[in-house]
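Trainee: I would like to learn how to read a helix and its surroundings. Can we go through a case together?

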Amino acid sequence: MSAGEFWSTSVLNFCIALGVVLGGSTMGGVGAFFTNQPPLYVMDNLADQLKIWALVAALGGTFDTIKSFELHILGGELDQVFQQLIFILSAFFGAHVGTTLVRWLINGEW
C-alpha cells in the first residue's frame, strides 16, 4: 500500500466513523421527536451506543481486521500491523469526535 493510499484510507475511516455517529444520533433525535420522547436525551444516548458500530462500519467488519493482525504478526510484517492500528485509531477518533460534537450541540457549548 502506497503512502497516499494509506493516508486516504485513514481519513476515510475517520470520516465514516464520524458520519455514522453524527447521522445516526441526529436521525435518532428526529425519530424521538416524532415519537414524543426527549430528542436531546435520545441523541446523547445514541451517540454513545453508536461508537462501537461506527468503528465496525469504518473498518469494514472487525473479523477482517483481526484476521489481518493474525496474518501479519505471524508473517513478521509488523509494518502492516502498524498500518492496521492506525486505521483503527483513525476510526476511533472519528467516532469520538462525533460523540463530542453531539454533546457540544446538546449542551450548547462551543
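Trainee: How many residues has H2, and what is its reach from first C-alpha to last?

Mentor: First, the ground rules. This is a predicted model, where local features need pLDDT of at least 70, side-chain atom pairs count only at pLDDT 80 or more, and totals for chains, interfaces and linings use all residues. Residues are numbered from 1 along each chain as its sequence is written, and side-chain values use heavy atoms, without hydrogens and water. Helices are DSSP runs (H or I, at least four residues), numbered from the N terminus. The expected span is 1.5 Å times one less than the number of residues. H2 has 21 residues and reaches 29 Å, close to the expected 30 Å.

Trainee: Where is the kink in H2 centred?

Mentor: A bend is the angle between axes fitted to the seven residues ending at a residue and the seven starting there. In H2 the kink is about 40° and is centred on Leu50.

Trainee: Which residues of H2 are buried?

Mentor: Buried means under 20% relative accessible area, exposed over 50%, partly exposed in between (1.4 Å probe, protein chains only). The buried ones in H2 are Val42, Met43, Ala47, Leu50, Ala54, Leu55 and Ala58. They pack against H1 and helix H4 (78–107).

Trainee: What does Asn13 touch?

Mentor: Contact means heavy atoms within 4.5 Å. Asn13 lies in helix H1 (residues 3–34) and is buried at 6% relative accessible area. Leaving out residues up to four places away in sequence, Asn13 touches Ala58, Leu59, Phe87, Ser90 and Ala91.

Trainee: Is Asn36 buried or exposed?

Mentor: Asn36 is exposed, at 74% relative accessibility. Its phi is positive, about 60°, although Asn36 is not a glycine.

Definitions and conventions:
Helices (H or I, at least four residues) and strands (E, at least two) are DSSP runs, numbered from the N terminus.
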